[in-house]
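Trainee: I have a new structure to look at. Can you take me through a few of its features, one at a time?
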Amino acid sequence: MKKLLLLSVVALAMQVPCYAYDAYIGGIYYNLNSTDKTATVTDFLYNSSYNGIAYSGRVVIPQTVEYNNTTYSVTSISDYAFYNCVYLTAVTIPESVTSIGYYAFEACTSLTEVTIPNSVTSIGEWAFFYCTSLTTATIGNSVTSIGYWAFCFCTSLTSVTIGDSVTSIGAGAFLYCSSLVEVKMGNSVTSIEAGAFGDCSSLTELTIPKSVSSIESNAFMSCTSLTAIYVDEENEQYCSMDGVLYTKDMNELIRVPAGNATLVTFNIPEGVISIGSDAFEDCTSLTQVTIPNSVTSIEQDAFYGCTSLTQIYSANATPPSVESSNAFSEVDKETCTLYVPVGCVDAYSQAEYWSAFLNILEYDVTGVQGISNSEKTEVTSVYTLDGKQVSSPQKGINVIRYSDGTVKKVLVK
């Protein structure tokens with residue numbers, strides 16, 4: 001495999017430069033379509049790192065260009081058009097442009113600002129990858145999708161406004177945007193794909209609009225400053241309670257914001273069936289977690305990086321299934337004590353992945369988990385299933401928090 005890779009690199013180095021443009025007008029390279037009279041901004045050499053010499057400073061793309069007595073409408077920016085133009089500082093995109101191709105501005109490390117007009121409907125994969133000086137991005141109201149890794153490694157990007165027509169935020173779209181503190185998400189977004197906001201270590205809060213119906217695993221991985229995730233009350237798939245993200249039916253705990261330094265103990269609400277992938281990832285302040293009897297599965301990386309976790313209380317007599325050993329990765333299984341129901345030590349000691357804990361002790365489940373008797377503890381807050389706090393239990397299912405920290409689902413008829 002290494003030999004094949006080396007031969008490929010040598011072959012690439014020996015290629016004769018392939019000029020990619022039809023016309024050079026006003027300092028910009030174009031490909032021209034004589035049939036529909038459209039022009040595409042393109043690169044100096046076909047998909048080549050030499051394009052770094054093609055553009056510098058501020059580039060203003062016109063809506064139309066004249067060539068051989070013919071007027072062409074500028075409608076697109078091709079793949080690699082500004083690739084590796086390290087001296088490009090700003091670009092003005094006209095309203096006539098409808099698409100921005102793959103890798104179009106990749107590695108434009110001096111580019112500081114970009115406004116994507118309302119005419120643009122698609123932003124290709126890797127389009128602004130590694131634009132390390134880009135500070136703000138405004139995405140117009142006609143864009144329907146943001147491609148994979150589109151703004152990945154834009155480490156100076158502080159704010160993003162996503163237009164109301166965007167339906168999909170691609171995998172890794174804003175991955176490693178370590179300065180990103182503000183995201184304004186439009187009301188048409190339906191899916192947030194894996195790693196979309198991963199490693200956005202400065203992001204503190206995020207609001208999920210009502211339109212979102214799919215959030216993939218790792219969407220918010222390593223967001224170490226994230227203190228709260230809020231969900232629009234009208235969202236039909238998701239809800240939040242105390243800034244924690246759940247499915248609407250409260251059957252799955254999706255994400256506990258890792259940046260909440262006050263999060264020392266956490267009682268998972270009774271009724272939660274699954275602890276999702278990366279649910280508690282990097283919650284480094286967490287020392288104790290209580291898992292209710294209702295939980296039957298724990299997905300991969302669920303407690304990854306919970307380095308301060310010293311006590312786990314599991315109320316289920318049957319050990320919940322654990323998807324992989326990474327579920328408790330970086331939890332010290334020599335010092336973290338696993339408490340299980342009376343008579344269940346052997347079951348956990350023999351269960352896959354639970355057996356890695358060296359200290360497994362019995363505890364009285366009713367003394368820690370599931371107390372809802374008002375003589376023993378008081379109700380401190382009541383929420384509807386959509387995460388809205390109310391003054392008293394409503395007809396239907398309520399999520400009730402008690403003074404001892406216990407959280408339960410309660411049906412009021």
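Trainee: What is the volume of the second largest pocket?

Mentor: Start with the idea. Rolling a probe the size of a water molecule over the atoms shows where empty space is left. This model is predicted. Here the second largest pocket has a volume of about 230 Å³.

Trainee: Which residues lie nearest its centre?

Mentor: Leu-263, Thr-265, Phe-266, Asn-267 and Arg-401 do, out of a lining of 20 residues. Two or more lining residues come from each of β21 (244-247), β23 (265-267) and β33 (396-402). β23 gives the most, with three residues. By type, the lining has ten nonpolar, seven polar and three charged residues.

Trainee: Next, the sheet. What is the order of the six strands?

Mentor: Strands of a sheet pair through backbone hydrogen bonds, either parallel or antiparallel. The order here is β20-β21-β22-β24-β26-β28, in an open sheet with mixed pairing. β20 (238-241) and β28 (321-322) each have a single partner strand, so they stand at the edges, and one side of each lacks a neighbour in the sheet.

Trainee: How many bridges join β26 and β28?

Mentor: Two, and the pairing is parallel; β26 covers residues 297-298. In one of the bridges, Ser-297 has Ser-321 of β28 as its partner.

Trainee: How many disulfides does the count give?

Mentor: A disulfide is a covalent bond between the sulfur atoms of two cysteines. The count here is zero. Take Cys-85: the closest cysteine sulfur is that of Cys-108, and 5.2 Å is too far for a bond.

Trainee: Is Cys-85 buried or exposed?

Mentor: Cys-85 is buried, because its relative accessible area is 0% and the cut-off for buried is under 20%. Cys-239 is buried too, at 1%.

Trainee: How many aromatic pairs does a search of the whole structure find?

Mentor: It finds 29. Phe-153 and Tyr-176 make a stacked pair, 4.6 Å centre to centre, with 20° between the planes. Phe-153 sits in the loop between β12 (145-146) and β13 (159-162), and Tyr-176 in the loop between β14 (168-169) and β15 (182-184), 23 residues apart. Phe-153 is partly exposed at 29% relative accessible area. Tyr-176 is partly exposed as well, at 33%.

Trainee: Why is the pair of Phe-266 and Phe-280 edge-to-face?

Mentor: Because the planes of the two rings stand at 80°, with centres 5.5 Å apart. Phe-266 is in strand β23 and Phe-280 in the loop between β24 (274-275) and β25 (288-291), so the pair ties together parts 14 residues apart in sequence. Phe-266 and Phe-280 are both buried.

Methods:
Residues numbered from 1 in each chain as written. Predicted model: local features only at pLDDT ≥ 70, side-chain atom pairs only at ≥ 80, totals over all residues. Heavy atoms only, no water. 1 Å grid on protein atoms, 1.4 Å probe; cavity = no way out; pocket = protein on both sides within 12 Å on 5 of 7 lines; lining within 4 Å. Points joined across faces, edges and corners; volume = space filled by probe spheres on them. Helix = DSSP H or I, 4+ residues; strand = E, 2+ residues; numbered from the N terminus. Nonpolar A, V, L, I, M, F, W, Y, C, P; charged D, E, K, R; others polar. Pairing = 2+ DSSP bridges. Disulfide = S-S within 2.5 Å. Buried < 20%, exposed > 50% of the residue type's maximum accessible area, 1.4 Å probe, protein only. Phe/Tyr/Trp six-rings, centres within 6.5 Å; stacked < 30°, edge-to-face > 60°.
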